[in-house]
Amino acid sequence: MKGLAGSLVIFIHHCINWTITFTFHFMMEWSKTGTFSIFWVICAAGVAFVTFLVPETKGRTLEEIQASITKLSRR
């Protein structure tokens, strides 16, 4: 499962990177301030997501992490 999930994440990451690289020039021609404002909002949303929704895993074993995720999904 970890291999499949890792492959999926890498594929999605490459697709998003390609999209950003492809559209960046067009967005800069549209508005420099608007371009960086859009990216700022996306980054802020990512920070908020990680801060509030991603559980802390430091010092925990893989089994403990999987058990806590399983408990959350059963709710």
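One point before the record comes up: UniProt annotations may be inferred rather than shown by experiment. Keep in mind, too, that this is a predicted model.

Now the record itself. The UniProt entry, which is unreviewed, puts the feature "transmembrane region" at residues 7-28 and at residues 34-54. What does the model show there? Take residues 7-28. That span is 100% helix and 0% strand. Its end C-alpha atoms lie 32 Å apart. Next, residues 34-54. Here we have 95% helix and 0% strand. The end C-alpha atoms are 29 Å apart.

On to the helices. Helix 1 covers residues 2-30, and helix 2 covers residues 32-53. How do they cross? Their axes come within 6 Å, at an angle of roughly 140°. Angles over 145 degrees would count as roughly antiparallel. Helix 1 and helix 2 are therefore oblique to each other.

Which residues meet? From helix 1, look for I20, F24, M27, M28 and W30. From helix 2, look for K32, G34, T35, F36, I38 and F39. Sort the residues of this contact by type: eight are nonpolar, two polar and one charged.

Last, the domains. Domain 1 is 1-30, and domain 2 is 32-74. Their centres, taken over C-alpha atoms, are 18 Å apart. Six residues of domain 1 touch seven of domain 2. How much area is buried between them? About 630 Å², with carbon and sulfur atoms giving 82% of that. On the domain 1 side, M27, M28 and W30 lose the most area, together 67% of what that side buries.

Definitions and conventions
Residues are numbered from 1 along each chain as its sequence is written. This is a predicted model: local features need pLDDT of at least 70, side-chain atom pairs count only at pLDDT 80 or more; totals for chains, interfaces and linings use all residues. Side-chain values use heavy atoms; hydrogens and water are left out. Axes are lines fitted to C-alpha atoms, for helices over the stretch in contact, and angles run from 0 to 180 degrees between N-to-C directions. Helices (H or I, at least four residues) and strands (E, at least two) are DSSP runs, numbered from the N terminus. Angles under 35 degrees count as roughly parallel, over 145 as roughly antiparallel, 65 to 115 as roughly perpendicular and the rest as oblique. Contact means heavy atoms within 4.5 Å. Ala, Val, Leu, Ile, Met, Phe, Trp, Tyr, Cys and Pro count as nonpolar, Asp, Glu, Lys and Arg as charged, and the others, Gly among them, as polar. Domain bounds come from an automatic or database domain assignment. Buried area is the accessible area (1.4 Å probe) that two parts lose on being put together, summed over both.
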